[in-house]
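Have the structure open as you read.

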Amino acid sequence: YQNDYFAPDGVLRSAIESSREAVLQTTVAFLERLRDTSVVLINTPIMFTKDYSELVEPSGILKAIKDLGAFRVGSPGSDTIPEIAAFGTRILTVPGKRGLNAFTGTTLESVLHQAGITDVVLCGAVTSVCIDSTGRAAHERGFRVHHISDCICGRTEYEQEHYVREIFPLYGDVCTKEEALTRILAAEEDSGPPWCRAPPLTPSADHSPSAMLHTAEVVGETSFARTAVVLVGYQNDYFAPDGVLRSAIESSREAVLQTTVAFLERLRDTSVVLINTPIMFTKDYSELVEPSGILKAIKDLGAFRVGSPGSDTIPEIAAFGTRILTVPGKRGLNAFTGTTLESVLHQAGITDVVLCGAVTSVCID
């Protein structure tokens, strides 16, 4: 909620043109209703030094931010918009955000834990970037995540509707402002009903991009200078004939598997690092506390349980033997969380990560 997105002269105003005004009005009304409750209100502005020294070889939206001079410390564009600033100390500001995720490089997680927070409600911009990244990070840290559909801005109407209908329900809940208020205010009285999901939305035909934010352009060092292929989800519960989640990727499973094997065969005698990141849970799924979305489905179906055939790597990938390094520990959507993947990549001097596997909208994203 900063001027570079919401002000009339904001350099990224056009990125959220279609929904900006409505979302701002709805957000302010939402916060006004929460002003006198015990709900913790937190602002996480993104801000960079004047020379953007924090951004080393940025790509995608971060490259656009640097190229346009957005969110530079001390500039009017980096300021919180007056409508939010008017709440004064009722809203706590957590500084340090310099990327897509409001947890990375900030004290947000510790603030939430210190306040005993169980549920994180997200509002703001941009739906497909910072909202999604922060939501996933909150989910991975054990918080229940709720997206307020009329308090978040997408770059296009189609993108907004797609994320609300297809992506967010995979790891969190989706509600309108009014549905959220009903449940939050009821919870204040310790008798709140469960959160609901928003009804299905109809996709818009408007695919118009905000040009500079639509494609991730990688800059700097030559692409594939030192490459790792990270394999996600190549396990029997997805790919075997009796896999309990086989139907989740029914339409493309066989073709993807054949193409992946051919890809790896071509790389077998190269210096490319091949890494498998299987997901696996204890027999009682004790790691999953109040799971939602796909993780709830995994638990309910008994998928990827340690020691079960469904958790095993499929034979086509296992056949590569020690040519593929296995990094264990994945127990959520992200192959980095709870594993040594990041240190493995850094130790190998990796510059480029290639992703293959399942599911596109969940673990791959």
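Thirteen residues is a handy number to start with: 13 residues line the largest cavity, and Tyr 238, Ile 279, Ile 298, Lys 330 and Cys 363 are the ones nearest its centre. Keep in mind that this is a predicted model. The space inside the largest cavity comes to about 70 Å³, and the structure has one cavity of 30 Å³ or more. Helix H12 (293-301) and helix H15 (360-364) are the elements that each give two or more residues to the lining of the largest cavity. H12 gives the most, with three residues.

Who does Val 229 touch, once residues up to four places away in sequence are left out? The list is Phe 263, Leu 264, Leu 267, Val 272, Val 273, Leu 274, Ile 275, Val 354 and Cys 356.

Now for a space that is open. The second largest pocket has a volume of about 1,200 Å³. It is lined by 50 residues, and those closest to its centre are Val 40, Ile 42, Val 120, Val 121 and Leu 122. Several elements give two or more residues to this lining, including helix H2 (20-34), strand E1 (41-43), helix H3 (60-68) and strand E3 (119-125). E3 gives the most, with seven residues. The lining of the second largest pocket splits into 35 nonpolar residues, ten polar and five charged.

H3 is worth a look of its own. Gly 60, Ile 61, Leu 62, Lys 63, Ala 64 and Ile 65 in this helix are buried. Just after H3 comes Gly 69, with a positive phi of about 70°.

Next, a few single residues. His 147 sits in strand E4 (residues 144-153). Is His 147 buried or exposed? It counts as buried, because its relative accessibility is 0%. The side chain of His 147 makes a polar contact of 3.3 Å with that of Tyr 171. Neighbours within four places in sequence aside, the contacts of His 147 include Leu 122, Ile 131, Phe 168, Asp 173 and Cys 175.

Thr 127, in helix H6, is also at 0% relative accessibility and so counts as buried. Leaving out neighbours within four places in sequence, Thr 127 is in contact with Asp 132, Ile 152, Cys 153, Gly 154, Gln 160, Tyr 163 and Phe 168.

Glu 265 belongs to helix H11 (residues 253-267). With a relative accessible area of 40%, Glu 265 is partly exposed. Its side chain is joined to that of Arg 268 by a polar contact of 3.1 Å. Glu 265 is also 244 residues from Glu 21 in sequence, and the two are 52 Å apart in space, C-alpha to C-alpha.

The table lists a few of them.

| Where | Backbone feature | Value |
|---|---|---|
| Ala 125 and Val 126 | cis peptide bond | omega about 0° |
| Ala 358 to Val 359 | cis peptide bond | omega near 0° |
| Glu 57 | positive phi, not a glycine | phi about 50° |
| Tyr 285 | positive phi, not a glycine | phi near 55° |

Where do these residues lie? Val 126 is in the loop between E3 and H6, while Val 359 is in the loop between strand E9 (352-357) and H15. Glu 57 lies in the loop between E1 and H3, and Tyr 285 in the loop between strand E7 (273-276) and H12. Glu 57 is partly exposed, with a relative accessible area of 43%. Tyr 285, on the other hand, has a relative accessible area of 3% and is therefore buried.

Key. Residues numbered from 1 in each chain as written. Predicted model: local features only at pLDDT ≥ 70, side-chain atom pairs only at ≥ 80, totals over all residues. Heavy atoms only, no water. Contact = heavy atoms within 4.5 Å. Helix = DSSP H or I, 4+ residues; strand = E, 2+ residues; numbered from the N terminus. Buried < 20%, exposed > 50% of the residue type's maximum accessible area, 1.4 Å probe, protein only. Polar contact = N/O pair within 3.5 Å; in protein donor to acceptor, adjacent residues only side chain to side chain. 1 Å grid on protein atoms, 1.4 Å probe; cavity = no way out; pocket = protein on both sides within 12 Å on 5 of 7 lines; lining within 4 Å. Points joined across faces, edges and corners; volume = space filled by probe spheres on them. Nonpolar A, V, L, I, M, F, W, Y, C, P; charged D, E, K, R; others polar.
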